[in-house]
Amino acid sequence: MSTPPNGLPAYRVLTGPDDETFCRRVSEAIELGYELHAGPAVTFDGERVVVAQALVWPTRR
């Protein structure tokens, strides 16, 4: 597949609390065919750890 499914963009950033739900969202994107773009960004908002993970759709050349 040369483009992401369901009209999704080629570049995505998923964010959320560092929990099972966030990990499942990233895993689902990988299962669709996205690839991780570098490592995650992690911060603390005063109450919980928040993570951001960039994903890219691989280009087929």
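Me: Contact means heavy atoms within 4.5 Å. Among contacts in the protein chain between residues at least 6 apart in sequence, what percentage join residues at least 24 apart?

Reply: This is a predicted model, in which local features need pLDDT of at least 70 and side-chain atom pairs count only at pLDDT 80 or more, while totals for chains, interfaces and linings use all residues. Residues are numbered from 1 along each chain as its sequence is written, and side-chain values use heavy atoms, with hydrogens and water left out. Of the contacts in the protein chain that link residues at least 6 apart in sequence, the share joining residues at least 24 apart is 56%.

Me: Which pattern does the protein chain follow along the sequence?

Reply: Helices (H or I, at least four residues) and strands (E, at least two) are DSSP runs, numbered from the N terminus. The protein chain has 1 helix and 4 strands. Read along the sequence, their pattern is β-α-β-β-β.

Me: How many bridges pair β1 with β4?

Reply: Two strands pair if DSSP finds at least two bridges between them. Strands β1 and β4 run in the antiparallel sense, and Tyr 11 stands opposite Val 56 in β4. The count of bridges for β1 and β4 is 7.

Me: Which residue stands opposite Leu 55 in β4?

Reply: Strand β2 also runs antiparallel to β4, and 2 bridges join them. In β4, the residue Leu 55 has as its opposite Leu 36.

Me: In the hairpin of β3 and β4, which residue takes a positive phi?

Reply: Strand β3 (residues 41-44) pairs with strand β4 (residues 49-56) in the antiparallel sense over 4 bridges. Phe 44 stands opposite Val 49, and Thr 43 stands opposite Val 50. The hairpin has 4 residues between the strands, and the positive phi, near 100°, belongs to Gly 46.

Me: Is Gln 53 buried or exposed?

Reply: Gln 53 is found in strand β4. Leaving aside its neighbours within four places in sequence, Gln 53 is in contact with several residues, including Val 13, Phe 22, Val 26 and Leu 36. Buried means under 20% relative accessible area, exposed over 50%, and partly exposed in between (1.4 Å probe, protein chains only). Because the relative accessibility of Gln 53 is 5%, this residue counts as buried.

Me: Which residue has the backbone oxygen that the side chain of Gln 53 reaches at 3.2 Å?

Reply: A polar contact is a pair of N or O atoms within 3.5 Å; within protein, one must be able to donate a hydrogen and the other to accept it, and residues adjacent in sequence count only if both atoms are side-chain atoms. At 3.2 Å, the side chain of Gln 53 reaches the backbone oxygen of Ala 38.

Me: What is the phi of Ala 38, about?

Reply: Most residues other than glycine have a negative phi. Ala 38 is placed in the loop between β2 (35-36) and β3, and Ala 38 is exposed because its relative accessible area is 59%. Although Ala 38 is not a glycine, its phi is positive, at about 65°.

Me: What relative accessible area does Asn 6 have?

Reply: Asn 6 is found in the segment before β1 (11-17). Although Asn 6 is not a glycine, its phi is positive, at about 60°. Asn 6 is exposed, and its relative accessible area is 73%.

Me: How far apart are the C-alpha atoms of Thr 3 and Trp 57?

Reply: Thr 3 also lies in the segment before β1. With 48% relative accessibility, Thr 3 counts as partly exposed. Along the chain, Thr 3 and Trp 57 are 54 residues apart, while their C-alpha atoms are separated by 7.4 Å.

Me: What percentage of the 61 residues in the protein chain are buried?

Reply: The C-alpha atoms of the protein chain fill a box of roughly 45 × 20 × 15 Å, taken along the principal axes. Among the 61 residues of the protein chain, the buried share is 25%.
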